[in-house]
Amino acid sequence: GSLAPFLDSDTLLMMVEHIRSGKLDKETLGEIAPFLKGDDLDRFANQVIDGSLSTDYLEELAPFLRHETLDRIVEQLGQGSLGYEVLEELAPHLSKKTLSQLVARYHDGNLDFEQLVNLAPFLDKDTVDGLIESRIAIESDAREVEELFPFASKEKIGSLLSRTLEGSLS
């Protein structure tokens with residue numbers, strides 16, 4: 001069991017300091033995160049953004065961060081130490097609007113297809129169908145998009161299947 005629910009705010013703050021200086025691991029952060037104030041959580045998020053705290057900690061922080069904070073992290077992706085691989089941890093907690101912006105980044109060529117796949121479970125079917133189409137237009141190979149199939153509409157998968165059978169897709 002965790003002691004976190006029973007700690008007073010001074011002890012929590014002391015633990016926060018220890019985490020920030022790298023003395024406590026991300027599991028500890030995961031235990032105390034639900035009891036931290038928004039400002040403390042934001043401070044951790046800022047440290048991840050500026051690179052003084054490992055991106056590993058995001059996994060524990062993400063469920064408790066405010067939408068504005070998550071959006072700020074997303075804006076910083078691809079700059080400095082914040083790589084797009086953290087999208088996997090963030091995706092379940094992002095707003096529809098932020099997810100749409102990431103899809104737009106992909107269309108602008110600023111997000112790799114592989115990174116986009118992490119978002120697929122949280123996108124609506126229309127969006128996923130559109131992504132499949134735009135990807136196939138480039139690759140003309142259905143295998144290139146099979147990771148998206150579980151999140152696509154039945155109609156889209158049906159149409160890909162018939163196109164594959166006609167031979168217009170490989």
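Trainee: Is Gln47 buried or exposed?
Mentor: Good place to start, and keep in mind that this is a predicted model. Gln47 sits in helix α3, which covers residues 38-50. The cut-off for a buried residue is under 20% relative accessible area. Gln47 has a relative accessibility of 10%, so Gln47 counts as buried.

Trainee: Which residues is Gln47 in contact with, leaving aside its neighbours within four places in sequence?
Mentor: Contact here means heavy atoms within 4.5 Å. With the sequence neighbours within four places set aside, the partners of Gln47 are Arg20, Ser52 and Leu53.

Trainee: Thanks! Turning to charges, how many salt bridges does a search of the whole structure find?
Mentor: A pair counts when a side-chain nitrogen of Lys or Arg is within 4 Å of a carboxyl oxygen of Asp or Glu. Searching the whole structure gives a count of eight.

Trainee: Which residue is linked with Asp39 and Arg66 in a network of salt bridges?
Mentor: Asp39 is exposed, at a relative accessible area of 52%. Arg66 counts as partly exposed, at 34% relative accessibility. The residue linked with Asp39 and Arg66 in the network is Asp42.

Trainee: Where is Arg163, the salt-bridge partner of Glu133?
Mentor: The closest N and O atoms of Glu133 and Arg163 are 2.9 Å apart. Both residues count as partly exposed, Glu133 at 27% relative accessibility and Arg163 at 22%. This pair also links distant parts of the chain, 30 residues apart: Glu133 is in helix α9, and Arg163 is in helix α10.

Trainee: Why are Arg135 and Glu139 separated by about one helical turn?
Mentor: Arg135 and Glu139 form a salt bridge, their closest N and O atoms being 3.7 Å apart. Arg135 counts as buried at 13% relative accessibility, while Glu139 counts as partly exposed at 31%. The separation is about one helical turn because both lie in helix α9, four residues apart.

Trainee: What is the relative accessible area of Glu146?
Mentor: Glu146 gathers with Asp112, Glu114 and Glu147 in a patch of negative charge on the surface. Residues in such a patch need over 30% relative accessible area and no salt bridge. Glu146 lies in the loop between α9 (125-139) and α10 (154-166). Glu146 is partly exposed, and its relative accessible area is 44%.

Trainee: Which residues does Val74 touch, not counting those up to four places away in sequence?
Mentor: Val74 lies in helix α5. At 4% relative accessibility, Val74 counts as buried. Not counting residues up to four places away in sequence, Val74 touches Leu90, Leu94, Thr98, Leu102 and Arg105.

Definitions and conventions
Residues are numbered from 1 along each chain as its sequence is written. This is a predicted model: local features need pLDDT of at least 70, side-chain atom pairs count only at pLDDT 80 or more; totals for chains, interfaces and linings use all residues. Side-chain values use heavy atoms; hydrogens and water are left out. Patches are made of residues with over 30% relative accessible area and no salt bridge: like charges are joined within 9 Å, nonpolar side chains (Val, Leu, Ile, Met, Phe, Trp, Tyr) within 5 Å. Accessible areas come from the Shrake-Rupley method with a 1.4 Å probe; for residues, only the protein chains shown count as cover. Lys and Arg count as positive and Asp and Glu as negative; His and the chain ends are not counted. The place of a charge is taken as NZ of Lys, CZ of Arg, CG of Asp or CD of Glu. Helices (H or I, at least four residues) and strands (E, at least two) are DSSP runs, numbered from the N terminus. Buried means under 20% relative accessible area, exposed over 50%, partly exposed in between (1.4 Å probe, protein chains only).
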